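Let us walk through this structure together, from its overall layout down to single residues. Keep the sequence and the 3D view open as you read.

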Amino acid sequence: MTTELSPDALPELLERARKDYAALAARGLSLDLTRGKPAPAQLDLAEDLLSLPDGRHTAADGTDVRNYGGLQGLPELREIFADALQVPVTQLVALGNSSLELMHDCLVHALLGRVPGAESRWVDQERIAFLCPVPGYDRHFALCERFGIEMIPVPMTPDGPDMDEVERLAAGDAAVKGIWCVPKYSNPDGACYSDETVARLAAMSAAAPDFRIFWDNAYAVHHLTDEPVETADLLAACAASGNPDRVFVFGSSSKVTFAGSGVAFFGASPDNVRWLLANNAKRSIGPDKVNQLRHALFLRDAAGLRAHMARQRELLRPKFDAVQRILAAELGGTGLAEWTDPKGGYFVTLRVPDGCAKEVVRRASEAGIVLTPAGATHPYGDDPRDATIRIAPTFPVQDDLEQAMLGLTTCVRLVGYEKLSAS
Ligand code: PMP
């Protein structure tokens, strides 16, 4: 971020930003750019789910979906998602509504039981730590906090986490039991892991014999361009590198069909799958197979999934375009901001001058525009540079989004120019 600004111009720019902010505050807006929720129009695309399974209750293999059982989930649904999640159907499990819940359960089972390869339960160890690429997903960090798992931040690059750091930390500290990864269109900076990153994650040495990569492929099919990004297959790479149990793959249909009533997936080595199913057998007699059947009937096959996501993209593209257009028009060339231009996923990351993010979020809130709290993208809510703001453009209608973005850029100018004037 370089400031291409002559000091003489600053008073006038600050004056204008103050006037714009006063006008913004006077409008009494009430807009929300916080969470990455699908908009109602996106949910409408899957409305037919509400009338499925349309009297049917038998799965392809003859299973009566109304009854107990079927811990691994319906094969016809697992077949639809297997390619997208890069997990063989036999190693893929289809479960309940939320992949976050599944990540929570995997942590609990690792703490209270033993993951394959573990010498002891995690809870019996003095210290447990996870590597946390930053910026990252606040709910991953919240899970670590919930269970007393220490978080070690690792900087993200456009190709994934800084692998020199990841390798150093994983090899040097047996308390490091895992890493959070959102490999495609990551939350929040849209980064996609390069082939080299995937290969290094699979092959690196880890001091903990039970080290796990929590591979949260939440945006595997959520493309925003004509050139879908393909990431390398980590599960296969781990097996080829002699570390078959290293990865837990997570995914869900939350942002494909209904965020509140989708299907979550778990993929891993045969040993890990047996481990999860044995644990699940204690907590449930089987997942909601009626929901799984209606998903299978609705999406039909992998091509049906792709076609559905193309319709999602038609709704989302104008919103992401508007974010880019407004940021460029209002902040381009000011030296006050940098931002990502993701090829998929749900978020844009805005970087403002150091020490300004919290103040921008506060000013926006006072003007009626709610943003994700600054710092949420970092472990313990602490962004040491106080510079990262996550923008979630999907939920508001187009006009509200554009108003919110214009307002946000006004706040960035106000806070940025105030800071420059003070320095
Ligand atoms: N992982 C990531 C990276 C996400 O961004 C989200 C939703 N914001 C989730 C998981 C939540 O997934 P689910 O609805 O399947 O619990």
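Two residues are in contact if their C-beta atoms, placed from the backbone, lie within 7 Å. With that in hand, a word on what you are looking at. This is a predicted model, in which local features need pLDDT of at least 70 and side-chain atom pairs count only at pLDDT 80 or more, while totals for chains, interfaces and linings use all residues. Residues are numbered from 1 along each chain as its sequence is written.

Start with the domains, whose bounds come from an automatic or database domain assignment. That assignment gives domain 1 (7–42 + 306–422) and domain 2 (54–301). Their centres, taken over C-alpha atoms, are separated by 30 Å. Where they touch, 24 residues of domain 1 are in contact with 26 residues of domain 2. On the domain 1 side, α11 (302–331) and β13 (388–391) each supply at least two residues. Helices (H or I, at least four residues) and strands (E, at least two) are DSSP runs, numbered from the N terminus. The element that gives the most to this side of domain 1 is α11, with 6 residues. By class, the side of domain 1 that touches domain 2 has 10 nonpolar, 9 polar and 5 charged residues. For these classes, Ala, Val, Leu, Ile, Met, Phe, Trp, Tyr, Cys and Pro count as nonpolar, Asp, Glu, Lys and Arg as charged, and the others, Gly among them, as polar.

Next, look inside. In soluble globular proteins, nonpolar side chains tend to be buried together. A residue is called buried if 20 or more other C-beta atoms lie within 10 Å of its own, exposed if 12 or fewer, and partly exposed in between, with C-beta atoms placed from the backbone. A nonpolar core is then a set of buried Ala, Val, Leu, Ile, Met, Phe, Trp, Tyr and Cys residues joined through C-beta atoms within 7 Å. The largest such core here has 121 residues, and those with the most contacts inside it are Leu234, Val249, Phe265, Phe266, Val352 and Val360. Helix α13 (residues 398–422) gives the most to this core, with 9 residues. Both domains take part, as the core draws at least three residues from each of domain 1 and domain 2.

Now turn to helix α5 (residues 138–146). Its buried residues are Asp138, His140, Phe141, Leu143 and Cys144, and they pack against α4 (99–112), β3 (129–134), β4 (150–157) and β6 (176–181). In the loop between β3 and α5 you will find Pro135, and the peptide bond from Val134 to Pro135 is cis, with omega near 0 degrees. Just after α5, Gly148 takes a positive phi of about 70 degrees. Another cis peptide bond joins Asn187 and Pro188, with omega about 10 degrees; Pro188 lies in the loop between β6 and α7 (195–203).

Leaving out residues up to four places away in sequence, Val115 touches Ala110, Asp210, Arg212 and Trp275. Val115 and Asn272 are 157 residues apart in sequence, yet 7.4 Å apart in space, C-alpha to C-alpha.

Two strands pair if DSSP finds at least two bridges between them. An open sheet of 3 strands runs in the order β10-β11-β13, with antiparallel pairing. β10 (338–339) and β13 stand at the edges with a single partner strand each, so one side of each has no neighbour in the sheet. The loop between β12 (369–370) and β13 holds Tyr380, which has a positive phi of about 60 degrees although it is not a glycine. Tyr380 counts as exposed because it has 12 C-beta neighbours inside 10 Å.
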